[in-house]
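Thank you all for making time this morning.

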Amino acid sequence: MWRYLAAGIGGLMLIVVGYMFVTGGASPRSGLPGAPALAGMTGQDGGLPDGAPEASAKTREEKRFGRYDKDKDGAITRAEYLASRRKAYARLDTNGDGQLSFDEWSVKTTGRFLAADADKNGAMNPAEFATTAPKRRAKATPKCVCPAPPVAGDEEG
């Protein structure tokens, strides 16, 4: 019985905290000073913009539309819409009969299995299976555009 009462009180407290978080019930106080204003460096003066520019959804959608509209007539026909699918299908249909067999469809997976099965016994051990893991791309680190720090002996005094 006490467990249900404790769970109910805990749930009620979570709801109250969530409500305060969503409505901004707690006033944000930062111990950090505000950023210094730089003369002539605001978005209104033609200097640096106030915020980072973002691509709008319309811009992304226009780019996507442009990729499908091959003849650039402002309309996507059924043939244009299905062109990428037809190319992918044609790459899989290795014998060109217009039908995909299971072997044609699974050729990439079969090739990966054969490449991973190093001892060619028809089964993968854990070490062989580990080689089939998808390759992850390393996240690109942003280049620093910070000015070089001053050298200790260069200060005028």
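Let me start with the surface, where Tyr89, Leu92, Leu100, Phe102 and Trp105 together make a nonpolar patch of about 510 Å². The elements that give two or more residues to this patch are α3, covering 78–92, and α4, covering 102–105. Trp105 is one of the patch residues, it lies in helix α4, and at a relative accessibility of 55% it counts as exposed, because the cut-off for that class is over 50%.

The average pLDDT over the chain is 78, and 79% of the residues score at least 70. Confidence is lowest in helix α2, residues 57–68, with a mean of 82, and highest in helix α6, residues 126–130, with 88.

Now the overall layout. The secondary structure comes to six helices and zero strands, and reading along the sequence therefore gives the pattern α-α-α-α-α-α. Of the 157 residues in the chain, buried residues make up 6%.

How far does helix α1 reach from its first C-alpha to its last? This helix, residues 2–23, has 22 residues and reaches 32 Å, which is close to the 32 Å expected at 1.5 Å a residue. The number of buried residues among those 22 is zero, so α1 lies largely in the open. After α1 comes Gly24, whose phi is positive, near 75°.

Where does α3 bend? The bend is at Ser84, and it amounts to about 40°.

Let me turn to charged side chains. Side chains of opposite charge can pair when their charged atoms come close. The structure holds one salt bridge, in which the side chains of Glu61 and Arg64 meet at 2.7 Å, N to O. How are Glu61 and Arg64 placed in helix α2? They are three residues apart, and are therefore separated by about one helical turn.

Phi of Lys72 is near 55°, a positive value in a residue other than glycine, and Lys72 is placed in the loop between α2 and α3. Is Lys72 buried or exposed? At 59% relative accessibility, Lys72 counts as exposed.

The other detail concerns Lys120, whose phi is near 55°, a positive value in a residue other than glycine. Lys120 sits in the loop between α5, residues 107–116, and α6, and with a relative accessibility of 58% Lys120 counts as exposed.

To bring the main points together, we have a predicted model with six helices and zero strands, a nonpolar surface patch of about 510 Å², one salt bridge, and a bend of about 40° at Ser84 in α3. I am happy to go back to any of these with the structure on the screen.

Key: Residues are numbered from 1 along each chain as its sequence is written. This is a predicted model: local features need pLDDT of at least 70, side-chain atom pairs count only at pLDDT 80 or more; totals for chains, interfaces and linings use all residues. Side-chain values use heavy atoms; hydrogens and water are left out. pLDDT is the predictor's confidence in each residue, from 0 to 100. Helices (H or I, at least four residues) and strands (E, at least two) are DSSP runs, numbered from the N terminus. Patches are made of residues with over 30% relative accessible area and no salt bridge: like charges are joined within 9 Å, nonpolar side chains (Val, Leu, Ile, Met, Phe, Trp, Tyr) within 5 Å. Accessible areas come from the Shrake-Rupley method with a 1.4 Å probe; for residues, only the protein chains shown count as cover. A salt bridge is a side-chain nitrogen of Lys or Arg within 4 Å of a carboxyl oxygen of Asp or Glu. Buried means under 20% relative accessible area, exposed over 50%, partly exposed in between (1.4 Å probe, protein chains only). The expected span of a helix is 1.5 Å times one less than its number of residues. The bend at a residue is the angle between axes fitted to the seven residues ending there and the seven starting there.
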